[in-house]
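Let's take a walk through this protein together, starting with its overall layout and then moving inside.

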Amino acid sequence: MSIVYIGLGSNIGNREENCRQAIRFLEENGISVKKQSKMYETEPWGVKDQPKFINMAIEIETNKKPEDLLGILKNIENQMGRTESVKWGRRVIDLDILLYDDLSIETPHLEIPHPFMHEREFVLKPLCEIAPNKKHPLTGKTIKELLEGLKQQS
């Protein structure tokens with residue numbers, strides 16, 4: 001079994017319920033949710049002219065391969081009504097694989113660890129709540145160290 005960290009975000013409709021529903025869909029797909037962060041209201045990143053997000057992170061345990069897990073996440077997004085629009089734009093739900101064990105993967109459709117996670121407080125803050133000592137496989141820094149470094153920059 002693998003330990004995977006997933007970031008969730010929503011800024012359309014009932015944002016909190018969208019996150020809870022995504023977690024229920026994960027569990028219905030046989031994915032065991034082990035830990036959940038609190039939900040954080042955050043400013044949009046990338047495209048600023050849009051509603052605030054609710055963001056959170058979860059730890060799951062799965063025997064799914066990374067590509068298969070990505071397929072499940074995309075299916076859940078579609079099932080919940082997500083449509084492709086402007087990059088970093090409004091969304092009912094966004095599900096991102098942040099870390100998958102200690103793997104480093106780069107394919108045309110999947111990059112693990114998530115390529116922007118170390119730049120985004122809205123990812124690191126909830127992730128630090130549930131996995132402060134987890135090390136980023138490329139930088140070797142813990143999530144707590146990455147978050148503290150980001151706060152010092154701003």
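Reading from the N terminus, the elements follow the order β-α-β-β-β-α-β-β-β-α-α. That gives 4 helices and 7 strands. Please keep in mind that what you see is a predicted model.

How does the overall size fit the chain length? A compact globule of 154 residues would have a radius of gyration near 15 Å, and the protein has 14 Å, so the two agree. Along the principal axes, the C-alpha trace spans about 35 × 35 × 30 Å. Among contacts with a separation of 6 or more, 66% join residues 24 or more positions apart.

Now let's look inside. Of the 154 residues, 48% count as buried. In soluble globular proteins, nonpolar side chains tend to be buried together. Here the largest nonpolar core has 28 residues, and Leu-8, Ile-58, Ile-60, Leu-69, Ile-76 and Ile-97 have the most contacts inside it. Two or more residues of this core come from each of β1 (2-10), α1 (15-28), β4 (53-62), α2 (66-79) and β5 (94-100). Apart from this core lies another, of 16 residues, which includes Met-117, Val-123, Ala-131 and Leu-147.

Leaving aside residues up to four places away in sequence, Ile-60 touches Ser-2, Ile-3, Val-4 and Ile-6, along with Ile-31, Ser-32, Val-33, Lys-34 and Leu-69.

Technical notes. Residues are numbered from 1 along each chain as its sequence is written. This is a predicted model: local features need pLDDT of at least 70, side-chain atom pairs count only at pLDDT 80 or more; totals for chains, interfaces and linings use all residues. Side-chain values use heavy atoms; hydrogens and water are left out. A nonpolar core is a set of buried Ala, Val, Leu, Ile, Met, Phe, Trp, Tyr and Cys residues joined through side-chain atoms within 4.5 Å. Buried means under 20% relative accessible area, exposed over 50%, partly exposed in between (1.4 Å probe, protein chains only). Contact means heavy atoms within 4.5 Å. The radius of gyration is taken over C-alpha atoms; the globule rule is 2.2 Å times the number of residues to the power 0.38.
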